[in-house]
Amino acid sequence: MEEEQQGDNNQERENTNEQQGDGNGTWHKTVSLEGMYENWFLDYASYVILERAVPNLVDGLKPVHRRILHAMYELDDGRFNKVANLIGHTMKYHPHGDAAIGDALVQLGQKELLIDTQGNWGNVLTGDSAAAPRYIEARLSQFAHDVAFNPKTTDWTLSYDGRNKEPLTLPVKFPLLLAQGVEGIAVGLSSKIMPHNFNELIDASINVLKEKDFTLYPDFPGGGMVDVSRYSDGKKGSRIRVRAKINKVDKKTLAITEIPYSQTTHSLIDSILNANEKGKIRIKRIDDNTAENVEIQVILHNSVSADQAIDALYAFTNCEVSLSPNACVIDGDKPRFLGVSEILLKTVGQTQQLLTRELEIKKGELQEKLLFSSLEKIFIENKIYRDIEECETWEEILKTIDKGLEPFKKDFYREIKRDDIIKLTQIQIKRISKYDTFKADELLRNLQKELEKVEYNLEHIVDYTISFYKRIKKKHGKGRERKTEIRDFENIEASMAAVANQKLYIDRDGGFAGTGLKKAEYVTDCSDLDDIIIFHSDGTFHVTRVGEKVHIGKDVTYLGVFKKNDERTVYNVIYRDGLNGRYFVKRFPVSSIKKDRKYDITQGNPKSKLIYFTANPNGEAEVIEVHLSPRPRLKNKSFTYDFSKLPVRSRSAKGNILTRHAIRKIKKKEEGISTFGGMDVWLDENVMRLNTDAEGKYLGSFGEGDKIISFFGDKYYRLHGYDLTTHFDEDAFRIEKFDENRIYTAVYYHGERQDYYVKRFTAEAAEKVQAFLFDHKDTKLIYLTSDRCPRIELAFDNTKRKKPREKEQLELSSFIGIKGYKAIGNKLSAYKIKKIHILESLPCEEVEKAREEEGEEQQEGEENEIQDAENETDQEDQIEIDFK
C-alpha cells in the first residue's frame with residue numbers, strides 16, 4: 001500500500017514537470033520541488049544529529065572522536081605515532097576530510113585525558129594553534145587503555161565503505177562525557193555540556209552505587225570562578241556565570257591569573273582594550289606575561305581605583321561571561337535532553353553492566369581452562385593415550401578417548417564435546433613424557449581460586465564496581481584536583497562600575513544638559529551610564545539618563561549625578577509656599593523614583609519657589625543665617641538656623657515652618673557636618689563584598705578615617721577603605737574593622753627554624769601589604785585570634801622518650817608579652833611538639849585574679865624569706881656574742 005502511494009506521488013510530480021517555450025525556440029523544463037525539501041532536509045538533519053554533532057550517551061563521544069580513538073588503538077604499540085599517520089588511518093572509518101579529523105584529534109589531545117601528546121599541541125589558555133600534523137605525535141594514554149577499550153565487550157559494525165569494522169560505541173567504564181564536556185551544533189538543536197572534575201565524578205559515581213546523594217558542578221581547565229546558583233543540573237535553560245581571577249598587585253596594577261572558560265588570553269585582552277576605547281574603563285597598558293600559567297597585568301590610570309577597576313572589568317569585559325549549558329545526547333538513536341545527574345546515573349549503570357560482562361567472559365574462560373586442564377590430567381595420568389595405540393580409524397580413536405573419560409564426566413560443569421576430545425589428541429608426546437602431576441595440581445588449584453574470586457565479584461558486583469572506581473582514582477586522580485572555585489557572585493551594576501570618563505555640562509539659557517556641550521557651564525564628571533537629577537526653581541525635579549545633549553528645561557537650581565538607592569545623600573531645602581505664602585524648611589533623600597517623571601518637593605501651590613538648596617552626600621547639616629525683608633514692627637530682622645535640628649523625612653513631607661515673613665537673603669554661616677554618624681557596614685561572606693543592607697557579618701560603624709583589616713595568605717595583612725566596591729583577596733580568612741589597639745595572638749610553625757612559635761602583636765597602619773609572619777615557603781599559621789586570654793594545649797612527640805611527657809596547657813597572654821608585628825616571638829616548648837589543640841579562651845577576669853593571687857603569694861614568700869634571713873642573722877649574732 002505504501003509503495004502504491006509512493007508511486008502515485010512520483011507520478012503526480014512527473015505530471016507537473018511541464019515543458020514551456022519562451023517564443024525563441026528555447027524550451028525550459030519546470031521541475032516541482034514539492035516533497036523534496038521535506039524528505040531531503042529530514043535526512044540531512046538526522047545525519048548531522050546522529051553522525052556528527054551530538055555525542056552518544058553510551059561512551060560520551062562524537063563519531064569522529066570514536067573513530068580516531070579506534071584507529072589509535074589499532075596502531076598502538078606503546079610508542080608515539082605521527083598525527084598525520086593517525087589522521088590517514090582514521091580516514092578508513094570517517095568519511096570526511098583530513099582537516100576535520102586533525103582538528104578533532106587536537107581537541108582530544110588538549111583535554112589531556114585520553115591521549116598522551118608530544119610536540120607543540122597549541123595552548124588552550126592563549127588560543128595558539130597546534131603545529132602541523134607531520135610535526136606532532138600522539139598515543140593512547142594509560143587511562144584510555146584502562147577504561148575505554150575491550151574488544152570482547154565491543155559491539156561492531158561495518159565502516160562507511162564496508163571494508164572495515166568499527167565500534168558502534170566504545171565500552172567506556174567512566175563518565176567520560178561529563179569529564180571532558182562537549183559542544184556541538186546540529187540542525188535544529190545544539191549540545192553544550194560543561195566539563196566536570198575527574199575526582200568529583202568518581203566520588204559521585206561511588207555515591208550512586210552506595211545510594212547516597214551527590215551534587216556535580218562544572219570544573220574548567222583554565223580555573224577561574226563559577227557561580228552555579230542557576231546551574232539546575234546542567235539542564236536546558238540553565239545558566240552559569242564564570243569569572244577570571246583578578247588580584248591587586250598594588251594600587252595601580254591588577255593581575256589576571258586565571259581566565260573564564262570559553263575565553264583565551266587574546267580574546268580577553270581584546271575585550272579589555274575595546275572597553276578602554278569606549279571609555280568604560282581607564283587603563284595605561286596591558287602586559288601579557290602568559291607562559292605555562294596565565295599572567296596578564298593591567299596597569300591602571302592614576303585616577304582609577306583598583307577596586308572600581310575590578311568591578312568594571314567584570315561588568316564591561318570578558319572577565320565575566322555567561323554560559324548556557326544544554327545537555328543534549330544521543331540515547332537509543334534519538335536526541336534527548338538530560339541533566340548531568342541522570343547522565344551520571346546511566347553511565348554508572350553502564351559501567352556496572354560492562355564490568356559484569358567482563359567478569360562473565362573471564363569466568364567462562366577460566367572454566368574452559370579448568371576443564372581442559374582436568375581433561376589433560378585425566379588423559380595423561382590414566383594413560384588413556386595408550387588405549388588408542390591399537391585403534392585403526394579416527395572415529396575409533398575418538399570413541400576410545402570418550403570411553404576413557406566416561407567415569408569423570410559427571411564432575412565437569414558442561415558436557416564433553418567432540419572438539420574437546422580432538423584437542424586432547426593434539427597433545428604432543430614430548431608434553432606427555434615431561435608431564436608433572438604436582439605442577440598440574442598447582443595449576444588447577446590456582447585456576448579454581450581465580451574462578452572463585454571471579455564468582456565472588458559477580459555476586460558482589462556493586463562492591464566490585466566501587467573498587468574499580470577507587471582504583472581508577474588512585475591510579476589517575478593525582479594532579480586532577482578542582483581548579484575552578486565555586487562562588488556566589490554579587491550583581492555588579494554597570495552604572496556603579498563605570499568610570500567617570502565624561503564631563504557633564506549645562507546650557508542654562510537653552511535648557512539643555514549633556515556631555516557634548518563643551519562650550520557650556522561645567523558641572524561634574526560622570527560616565528555614559530549615569531543618571532542625572534535636575535531640580536527646578538519651582539520645586540519640581542526629575543531623573544533622566546545622561547546623553548550628549550538632553551533637554552532638561554530652564555530655571556535649573558541644581559544638576560548632579562543620581563545614584564539609585566542612595567539614602568545618605570540628603571537635600572536641605574527652603575521653599576516659599578505659593579506667591580506670598582509661608583517659608584518651609586525640609587531635609588529629604590531621593591532614593592528610588594521612575595525616570596523622566598516629574599515630582600514636586602513643595603506643596604504644589606502655584607508660584608511656589610525654591611529659596612535655598614544644598615545637596616549633601618553624607619547627610620551634612622549646615623548652619624545658615626536668614627535675613628528678612630524690612631517691614632514695620634519687625635524686631636528681629638535676621639536669625640540663624642541649624643539644619644541638624646531638623647530630622648530627615650521623605651521628599652513628600654511639606655517640612656517645618658521657617659518663617660512667615662518675607663526673606664531677603666540667606667547666607668551659610670557654618671559648614672555642615674554629617675548627622676548620620678558612622679555608616680554601618682556588613683560583610684557578605686558568600687560573595688566577599690561589603691554592603692549596608694544588613695546581609696552577612698556585621699563589621700561595625702565606619703566614619704572618616706576608619707579602615708578594614710584583612711588577613712590573607714597565612715602570613716599577610718593589609719588595610720582597606722570601607723567603600724562598597726572594595727575587593728578582598730581570594731584567600732582572605734579574617735576580615736574586621738581595624739583597631740590599632742587590638743592585640744592579636746598568632747601561633748605558627750616557623751619554616752626556617754622548623755619549630756612552633758607564638759607571638760602577640762598589634763597591627764600597624766600601613767598602605768602596603770605587611771607580612772606579620774616570617775616569609776618562608778614552609779611557614780604556616782596555626783591559630784590567629786584577638787581574644788585577650790587565649791589558651792592552647794601542647795601534645796608532645798614521645799616516640800623516643802622513655803618517660804612520656806604529659807600534655808601541657810598554656811595561657812598565651814601570660815606566656816609572652818606584646819611585641820611588634822615583625823617580631824619572631826617565643827618558642828612554644830623546648831620539647832618536640834606533635835600536635836597543638838586550641839582551647840576555649842579564658843575570661844580575662846579569672847586570669848587577672850589568678851595573676852594577683854600569684855603575685856600576693858610571691859610577695860608573701862619574699863617577706864617570709866626576709867624574716868627568715870633576719871632571724872638567721874640574729875642567731876648568728878647571738879652565737880658570736882656567746883662565743884665572746
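Let's start at proline 606, which is exposed, with a relative accessible area of 65%; exposed means over 50%, buried under 20%, and partly exposed in between, using a 1.4 Å probe and protein chains only. Keep in mind that this is a predicted model: local features need pLDDT of at least 70, side-chain atom pairs count only at pLDDT 80 or more, and totals for chains, interfaces and linings use all residues. Residues are numbered from 1 along each chain as its sequence is written, and side-chain values use heavy atoms, with hydrogens and water left out.

Proline 606 sits in the loop between strand S29 (599-600) and strand S30 (609-616). Helices (H or I, at least four residues) and strands (E, at least two) are DSSP runs numbered from the N terminus. Not counting residues up to four places away in sequence, proline 606 touches Gly578 and Leu579, where contact means heavy atoms within 4.5 Å. Aspartate 577 is 29 residues from proline 606 in sequence, and their C-alpha atoms are 8.2 Å apart.

Now let's step back to the whole chain. There are 20 helices and 49 strands, and 44% of the 884 residues count as buried. Among contacts between residues at least 6 apart in sequence, 65% join residues at least 24 apart. The accessible surface comes to about 49200 Å², with 45% of it belonging to carbon and sulfur atoms; these areas come from the Shrake-Rupley method with a 1.4 Å probe, and for residues only the protein chains shown count as cover.

Where does the nonpolar interior gather? The largest nonpolar core has 74 residues, of which Leu69, Leu105, Phe174, Ile343 and Leu344 touch the most other members. Such a core is a set of buried Ala, Val, Leu, Ile, Met, Phe, Trp, Tyr and Cys residues joined through side-chain atoms within 4.5 Å. Helix H11 (residues 340-381) gives the most to this core, with eight residues. Apart from this core lies another, of 29 residues, among them Met225, Ile246, Ile296 and Ala309.

In H4 (residues 83-90), the buried residues are Val83, Leu86, Ile87, His89 and Thr90. They are on the same side of H4 because they cover an arc of only 165 degrees around the axis, taken from the directions from the helix axis to the C-beta atoms. Their packing partners are helix H3 (63-75), strand S3 (81-82), helix H5 (98-110) and strand S5 (137-140).

Glutamate 166, in strand S7 (residues 165-169), counts as buried at 7% relative accessibility. Its side chain makes a polar contact with the side chain of arginine 67 (2.9 Å). Serine 262, with phi near 85 degrees, is partly exposed at 49% relative accessible area. Methionine 688, with phi near 55 degrees, is buried at 17%.

How values were computed
A polar contact is a pair of N or O atoms within 3.5 Å; within protein, one must be able to donate a hydrogen and the other to accept it, and residues adjacent in sequence count only if both atoms are side-chain atoms.
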